[in-house]
Each structure stands twice: as structure tokens, then as C-alpha cells.
Amino acid sequence: MISRRQVLAGASALALAPLVGRASPDDILEAKTGLARVVHSDDYPETAVWGFNGSVPGPEIRVKQGSTIRKTLRNSLSQPTSVHWHGLRIDNAMDGVPGLTQDAVEPGEEFAYEFTAPDAGTYWYHSHNRSTEQVARGLYGLFIVDEPVQIDIDHDVSVVLDDWRLSQDAQITDDFGNLHDLAHAGRIGNFVSAMVSPSLTTVKQNERLRIRLVNVANDRVMLIGLHGLTGLIVALDGMPLERPQATDHVVLGPAQRADFVADVTEDVGQEVMIAIHERGEGYALVDWKVGGVSARAARDTTITLPQNPGVLLSDASGLEVREMLMEGGAMGGMMGAMFGGRRMGMRDMMQQGQVWALNGVAGMPDEPFATLDMGETIRIPMRNDTAFPHAMHLHGHHFQEVFADGTMGPLRDTILVDRGETREIAVQASNPGDWLLHCHMLSHQAAGMKTWIRVKA
Ligand code: C2O
Ligand code: CU
């Protein structure tokens, strides 16, 4: 049936033409101040935040695989900002990195992002300007790309995990860029929150949940456990695992994601929990009461998601090796690094606030770490010669870990490299442009731990 309104729109198509390309309210992501209920207790006030459309997390963006997304960032903050679409293998010009792919968007200005989402999975978006402050204040949101065919589940729940440094009255402390934090484990907070959507009050025994865990914390590594749930990790960093892992816990460095498919196995009347484990203790971040038994019988536990486009490497032998040495920070072994082309001692570096280096360079180097042709693959062994873990993230690509026995890991966009450890990745250049490669402990990134890779068109 054609409504009168549509007929009129057709008749006046010419008059409407100037509207084409203008963002509808749904397409606006406005970076602005707001209030959020971070601490769920009436004893505390709401927390003043910076959020997309004023909320934390920002609006959930959810699209079907292969669709085109248009979002106009409107900056109503007092600082320049930008949006990076973390983990999405999109057009370089839309990657949101000031100084590399675009200029930061000044207060009062707008920037129109438009791209196609090639991969299904759990992604997120966040500010990529002064991110130590802007992400800590709440400028992030979920970006979910649905598989063409949904898997059989009862609830699809996302759990955004953040680490906040709050004052006594639940306000974000504004000690960003504190040199002690930058040179150590980063700006670790005193309050971990789980923002759950949709919010469930009860679940039923035998119900199957897809749980999308996203660590959006600046710097905190989280060991997350599921309790009263039995299942599998089916995807990491958005990408489906060829062989899902049966487990009830996962370690997530900053920016990492894990998708679980898990069945409620706890008894009726008991509680199902998602907890964070630290120093031998567990704290429940999420708890759902088991309020009955599902009419469905317990289901088959072999479940895999359809693979995203691209070919996985099964072997990295014979590939060119480009070593990366990570140095710096407090208690590190680095004696000095190049900064702005000049060799600097640790004391000078501290004064510049650039205390971490990759291959002896603190801060963004003029020359790329590697220049690759499309389709070329290299191995990057990353040696962490510092006293802290680092979560290395490559933009615009997913990479595979090369294990010591030569086998290859699943596709990831962020890899945690513990202190003293060497972890090796294989990167297949599949997306042309200049791509940032940096530590996603945002304090470390701000303090020099970044470089970039050029993929020639
Ligand atoms: Cu999640 Cu360079 O970013
Ligand atoms: Cu780091």
C-alpha cells in the first residue's frame, strides 16, 4: 500500500533533494556532558560524565553485517574530539585518529562518518582524542554487527566493563595525565562497573545467553568469571572462533572483547553471576536470580558463529620478521630513547611526559614501523622489556598470534603482552592506509607507546 505521504514525497522529489545527505537525529552522535548513574546506590549522587548523546555508554549502534553506517559526530564539548570504531575493518579515512586520518573535531564542529561494516561481531566506538581523559569520562559505546542469521539464544546481553577513579561523592577525579600513573600501570580506578543491556532481573535454568563482554577501561586488565553458567567463548575481539573454547573465565585487557554463549545451569532460587577476580577474591559485577526452569530442554553445546570474510593463516613460517621492543616506564630497563630524533635519557623523557618507547622511539615516529603492500604478511615479535603488561592494538586489521610451537591463534585486534614476555603476531595487510599500532592502556599511549603501519593501496 502506498500512503498519501509517500505519493507527495515522490511528486516533490526535486524540492527534497537538498535534504539528501543531511543527518537525521538518529544519525547524530553528540559528544556532550551529562549525568550517569555509575554507583548504583542512593547514598551517592549521579556522576558527571562526558558521553555520546550525553549518556554512558553512548547509544548502542546495532546493524546487520554489510550495511552502511552514517553517523555525524557533533562536538558540544570544550575540547576537540573524534570517534574511532574499534575493531571494525573500515575505510582508513573514517578511522578517527587525529593527526593520522583526520583532524580532531573542534568544539562546535561536526564530522560525518560513513562506512560499511564488513564483519559481524562485538565492537565498540570511543573518542580517540585526549583519550586518557575523554574515554575515562565516558566517551564510548557499543557497536554490534549482527550475523545474517542469528544463533539460537534466549537473551543477547552486553556487559560493558569500566574502571572508574571516583571521589568520595562519586565524581570522576580530574587527575588525568598524572606522571606516576603514566609511568606505572596507568590510571587504575577504585570502582569497577558493569553496564548491562538489556537489564535482566531474572533468568531461567536452561536458558541460553549470549554475553558480550567489553573492557572499556583505560588501563585495567580484568579477569572475568561466569558463575552458574556453563558455556563457551565463541568470539574474541569480535571475530568468531573456529574452535570455541569451553571455559567459564576470560582475561580482558583494555579494549578486548569476549562473546560467550552460556546456559544457565544454576538451581532455581540461586544466583547467576558475572564477577571480577583480583588478588584471589571475586566481586560480583552482575547477578541475576534464577527464577524458574525454561520449558526448553538443555541444548547441544557445540555452537560456532559463521566466519567473517578473509582467510586465516595456518602457518607463519618463512614470513619476514619485524621485531618490536617495548621499553620504558618506571622500574623498566630502558636507559634512553629517541624523542623527536634526539636520544634522551629517562629523566628528559619524564619531563616530556613521554616515558614509553617502541624500538627506542617515544611518541609517534615520523616513519612507519612497517610499510606493507596489500596482501603482504609480516611477523612482529613483541618483546616486553618493561615491568608492566601492555595491550597492543592495531587499527583497521585483525592479526593472529604465532605461538611458540608454530601454531596460529584466532583473529584479534588487541593482544596482551605481559611483563617480561614476548608474544608474536602475524599481520596480513588487507586494508590500505596509515594505521595506528599502540598500547591500549590509554595512559601508556598518551605517554609515548605508539607507532603506525602503512599499507600501500
Ligand atoms: Cu580502541 Cu587506537 O583504539
Ligand atoms: Cu601499555
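These are my notebook entries on one residue, S127, and on one open sheet of a predicted model.

The model is predicted, and I use local features only at pLDDT of at least 70 and side-chain atom pairs only at pLDDT 80 or more, while totals for chains, interfaces and linings use all residues. Residues are numbered from 1 along each chain as its sequence is written, chains are lettered from A and ligands numbered from 1 in the order in which they are written, and side-chain values use heavy atoms, with hydrogens and water left out.

**Entry: S127.** I looked up S127 and found it in strand β7, residues 121-127; strands are DSSP runs of E, at least two residues, numbered from the N terminus. S127 is buried, at a relative accessible area of 0% (buried means under 20%, with a 1.4 Å probe and protein chains only).

I then checked its polar contacts (N or O pairs within 3.5 Å, one able to donate a hydrogen and the other to accept it; residues adjacent in sequence count only if both atoms are side-chain atoms). The S127 side chain reaches the backbone oxygen of N129 at 3.1 Å, and the side chain of Q134 at 2.7 Å.

Setting aside neighbours within four places in sequence, I list F52, T81, S82, Q134, V135 and L139 in contact with S127 (heavy atoms within 4.5 Å).

**Entry: the open sheet.** I read its four strands in the order β2-β1-β4-β6, with mixed pairing (strands pair if DSSP finds at least two bridges between them). The edge strands, each pairing on one side only, are β2 (47-52) and β6 (110-116).

Strand β1 (residues 28-36) pairs with β2 in the antiparallel sense over six bridges. I noted K32 opposite G51 in β2.

Terms used: Buried < 20%, exposed > 50% of the residue type's maximum accessible area, 1.4 Å probe, protein only.
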